[in-house]
Amino acid sequence: MTTHRLLQLALRSAAVGYVALLILFPLVAIAHQSFTGGIDHFIQDISTPQASSALILTLEAAFITTVINALFGTLSAIVLVRYEFPGRWFLNALVDLPFAIPTLVTGLMIAAIYGPTTILGTWLQQGGVSVLYDKPGIVLAMLFVTMPFTIRSLQPVLMELERDQEEAAFSLGASPWTTFWKVTVPSVLPGLLTGVFLTFVRALGEFGSIVIVAGNIPMKTQVASVYVYGEIESYNPQGATSVSVFILLISFLVLVLLERLTRPPGERLPRWFRWSKQPLSMIRPSEIG
Amino acid sequence: MGASSLFALLLAWIIFSGSVLAGETRELTLAAYSVPKEAYERTIIPAFQRQWKQRTGQEVRIRSSYGASGAQTRAIIGGFDADVAVLSLEGDLDQIAKAGLISHDWRTGPHKGMVSASVVALGVRKGNPKGIKGWEDLARPGVEVLYPNPKTSGGAMWDVVAIYGAGLKLAEQQAGAGKKPSAESAEAFATSLLKRIQKNVKVMDKSGRESVTTFERGVGDVIVTYENELLPRIKSHRPYELIVPQETVWIENPASIIDKHVDRHHVRDVAEAFVAFLHSEEAQAAFTELGFRPIGQATAPTSAGTALPLPNRLFTIADLGGWETISTKLFGPHGAWTTTVEDLARGK
């Protein structure tokens with residue numbers, strides 16, 4: 001065996017060990033804990049009225065968040081990449097801020113804007129719109145913490161996208177809209193999907209900001225993560241882990257789906273795992289007639 | 001820094017830690033819930049250190065940690081080797097006992113192991129604009145009420161118990177003098193009061209402290225919380241007022257040494273003296289300074305050297321059948337609070 005091969009082996013086991021130690025082992029531990037009581041217990045835990053309505057609310061809010069951030073994130077990314085305007089560098093720097101701010105602080109910031117004593121809060125209250133301590137507050141918090149995902153995963157693909165493809169489509173008589181939908185969107189789709197899926201799973205797990213801005217009333221404004229916290233605090237670790245594992249399962253499935261959808265053609269998953277011959281990422285602008 | 005001075009520093013450190021091991025300084029770890037932090041840090045710990053030094057000539061170093069009662073409990077069960085636990089709920093101390101860390105019956109001490117006391121009270125905005133006097137006023141339409149989530153906050157458990165128990169007392173009152181309502185009708189009334197008040201609750205924070213923060217942010221008309229949480233804030237001129245309802249629950253907070261840890265650290269004598277010291281006049285004065293009530297006030301009202309009058313229809317957890325009974329009755333899967341929340345969410 002040459003030193004080169006040895007080095008390769010060492011590097012590979014270091015990478016595998018690192019991921020296993022940090023992510024895989026804790027995952028296995030929590031999954032094991034939640035299934036020790038049997039699958040019946042697991043189903044019972046996640047289907048109590050309070051647990052199931054917390055899960056549904058979380059999925060709903062995460063879905064709305066994902067749709068909004070997909071739309072406005074795409075727009076923002078296009079603007080940031082394609083247009084020159086004063087203050088662009090500043091806007092670009094602001095985008096990463098949600099990653100840097102502790103989520104508890106995010107909650108405080110939202111409460112500071114929409115609170116009942118603020119100008120905006122009073123105005124909204126007079127209009128009969130409740131944001132803080134209600135469902136819109138939850139979505140607002142999720143939007144804030146997930147904002148960078150779509151923008152940051154779209155930016156590089158947008159920058160790479162060769163202008164001449166769009167120009168070619170345009171000069172061959174396609175309308176701006178057709179060009180956008182048939183040329184721009186398909187080429188940036190892998191990036192967009194990454195952003196969208198990451199937004200969704202990140203929103204599912206958000207706790208710090210939501211616990212401040214949502215009213216946390218069980219079955220009304222209590223999301224899954226806050227429910228889990230409550231169960232831990234009231235000596236029900238079993239119920240807490242079951243709901244956590246359910247969220248983990250959804251996140252895992254979403255991420256596997258993402259992996260599957262965005263792989264480049266040559267190195268996709270084994271045949272038995274595929275369900276179509278033409279994965280989305282294979283559709284290249286050149287194949288559109 | 002040269003190598004020689006580094007060496008000298010190391011030597012000094014070894015000598016210093018050696019003298020600690022020689023028994024001149026004893027070390028005690030205290031795990032407490034966060035509310036009485038000031039009383040401990042400012043008065044009780046320094047006073048105990050003085051007293052111990054006088055009695056034995058030894059210095060005591062007390063490492064204290066403060067946090068939510070439940071979190072401290074879990075930390076201790078999970079391996080935090082505190083010698084003394086001061087918690088907000090008996091149930092939390094029982095959990096530590098159940099984990100095998102407390103091997104003696106902690107309820108055998110003076111005042112049954114309790115060291116501080118308070119009642120559940122109401123905080124309202126300055127001038128009491130909504131005219132809040134008692135529990136029924138909290139159920140009026142248009143009154144916004146705050147208390148934290150009983151799942152995460154021991155304080156909120158006391159709050160809900162206070163409402164439910166007040167409901168039982170009010171049912172007795174309505175039945176008229178001398179007559180006693182049936183247990184079912186009293187319980188039905190208490191549950192309906194709880195439901196009507198819960199309906200007006202808009203925000204349920206994680207802890208009592210957070211609930212007060214939300215109230216100070218301008219949310220809500222009434223906050224239900226410990227009297228000792230409100231008194232110091234009112235004293236420091238926060239714009240709200242204290243209302244003690246005539247029907248409310250007597251709150252007691254326990255303390256105990258943790259046998260497993262004190263034996264391992266060889267500090268049983270210091271730990272026991274510390275818990276005993278919490279019952280002393282000096283420590284009790286520190287608690288009342290912070291808005292607590294003297295521990296004996298409810299059982300022996302004559303000994304009360306406080307300006308705080310006792311509510312007329314005060315009740316205790318024992319009156320309601322003890323914590324085990326009441327927590328199943330209110331917070332169990334089919335408890336009154338649990339079903340109330342579920343019914344309200346379903347629009348019933």
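This note sets out numbered points on the predicted model shown above.

1. Basis of the model. Residues are numbered from 1 along each chain as its sequence is written, and chains are lettered from A and ligands numbered from 1 in the order in which they are written. Because the model is predicted, local features need pLDDT of at least 70 and side-chain atom pairs count only at pLDDT 80 or more, while totals for chains, interfaces and linings use all residues.

2. Overall form of chain B. Chain B contains 14 helices and 10 strands, taken as DSSP runs (helices H or I, at least four residues; strands E, at least two) and numbered from the N terminus. Its C-alpha atoms occupy a box of roughly 80 × 45 × 40 Å along the principal axes. Of the 348 residues in chain B, 44% are buried, that is, 20 or more other C-beta atoms, placed from the backbone, lie within 10 Å of their own.

3. Domains of chain B. Chain B is divided into domain 1 (23–116 + 253–289) and domain 2 (117–251 + 312–345), with bounds from an automatic or database domain assignment. Their C-alpha centres lie 29 Å apart. Domain 1 of chain B gives 11 residues to the contact and domain 2 of chain B gives eight residues; contact requires C-beta atoms, placed from the backbone, within 7 Å. On the domain 1 side, α3 (69–77), α4 (90–98) and β4 (114–125) of chain B each give two or more residues.

4. Contact between the chains. Chain B contributes 17 residues and chain A contributes 19 residues. On the chain B side, β6 (201–203) and α14 (336–345) each supply at least two residues.

5. Nonpolar core. The largest nonpolar core has 146 residues, of which V213(A), V243(A), V84(B) and A85(B) touch the most other members. Such a core is a set of buried Ala, Val, Leu, Ile, Met, Phe, Trp, Tyr and Cys residues joined through C-beta atoms within 7 Å. Domain 1 and domain 2 of chain B both give residues to this core, so it lies between them. Beyond its neighbours within four places in sequence, V243(A) is in contact with residues including D45(A), I46(A), L55(A) and Y227(A).

6. S153(A). This residue is placed in helix α8 (residues 135–160) of chain A. Is S153(A) buried or exposed? S153(A) counts as buried because it has 23 C-beta neighbours inside 10 Å. Leaving aside neighbours within four places in sequence, S153(A) is in contact with G191(A), T194(A) and G195(A). The C-alpha atoms of S153(A) and G73(A) are separated by 9.7 Å, although these residues stand 80 residues apart along the chain.

Definitions and conventions: A residue is buried if 20 or more other C-beta atoms lie within 10 Å of its own, exposed if 12 or fewer, and partly exposed in between; C-beta atoms are placed from the backbone. Two residues are in contact if their C-beta atoms, placed from the backbone, lie within 7 Å.
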